[in-house]
Amino acid sequence: MITNPFAGGRELLARAPEFRRRFRTWRGERPFWAGLFTFAAGLPILYWPYANLSLGGIPLALSTTSGAGSLLIGTLLPALGIALCCRPHLRVFAGIATLLLAIVSFPVANFGGLFLGVAFGLVGGSLACAWLPPPADEPSTAPDGRPTASGAGAATAVTGERCSDT
């Protein structure tokens, strides 16, 4: 018999800062926002051609003969968004593919999901192409924000200065 169903809540609250720190580290190592915008670009493109809407009792159908194109573009964009988050080394390919699919969705898929899919796709593709991985020589930080003296960046972490090659 369960006497206190909320007893596990304290444990979750105690682990929340650690989870948030690990998620922030994970998010910083990949084009997270590019993947999120790319994923979101596919949703309106996929939704509008198959939605059954009514405006004051009058059925509004946005289904067109380009439903297959909307289905293809609407499924490829979320797949590219997931690929951006899971495989950051594919960022240039996924970014260019996202830009091309967003532009093609404008005439094919009801103005690119009523302009939402095109806008999110262009932003997501641009962010993916512009994103660079963090430098390997960057010092890691401790949970309290102070630099640690370990790894390749130990000299820069201790002194705070970087050596130049000139």
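**View 1. The largest nonpolar core of this predicted model brings together 12 residues.** Here you can pick out A34, A41, I45, I73, L77, L80, L84, A94, A97, L101, A109 and A128. Helix 3 gives the largest share, four residues.

**View 2. A closer look at A109, one of the core residues.** Skip the neighbours within four places in sequence, and A109 is in contact with I45 and S70.

**View 3. Helix 2 (residues 32-47) meets helix 3 (residues 67-86).** Their axes come within 7 Å and cross at roughly 165°. That makes helix 2 roughly antiparallel to helix 3. As for handedness, helix 2 goes past helix 3 in a left-handed crossing.

**View 4. The residues where helix 2 and helix 3 touch.** On the helix 2 side, look for F32, A34, G35, T38, F39, A41, G42, I45 and L46. Helix 3 answers with S70, L71, I73, G74, T75, L77, P78, L80, G81, I82, L84 and C85. Sorted by class, the contact has 14 nonpolar and seven polar residues, with no charged ones.

**View 5. Stepping back to the whole protein chain, we find seven helices and two strands.** Follow the sequence along and the pattern reads α-α-β-β-α-α-α-α-α. The chain has 166 residues, and 28% of them count as buried. Take the contacts between residues at least 6 apart in sequence: 64% of these join residues at least 24 apart.

Conventions. Residues are numbered from 1 along each chain as its sequence is written. This is a predicted model: local features need pLDDT of at least 70, side-chain atom pairs count only at pLDDT 80 or more; totals for chains, interfaces and linings use all residues. Side-chain values use heavy atoms; hydrogens and water are left out. Axes are lines fitted to C-alpha atoms, for helices over the stretch in contact, and angles run from 0 to 180 degrees between N-to-C directions. Angles under 35 degrees count as roughly parallel, over 145 as roughly antiparallel, 65 to 115 as roughly perpendicular and the rest as oblique. A crossing is left-handed if the near helix is turned anticlockwise from the far one by less than a right angle, and right-handed if clockwise. Contact means heavy atoms within 4.5 Å. Ala, Val, Leu, Ile, Met, Phe, Trp, Tyr, Cys and Pro count as nonpolar, Asp, Glu, Lys and Arg as charged, and the others, Gly among them, as polar. A nonpolar core is a set of buried Ala, Val, Leu, Ile, Met, Phe, Trp, Tyr and Cys residues joined through side-chain atoms within 4.5 Å. Buried means under 20% relative accessible area, exposed over 50%, partly exposed in between (1.4 Å probe, protein chains only).
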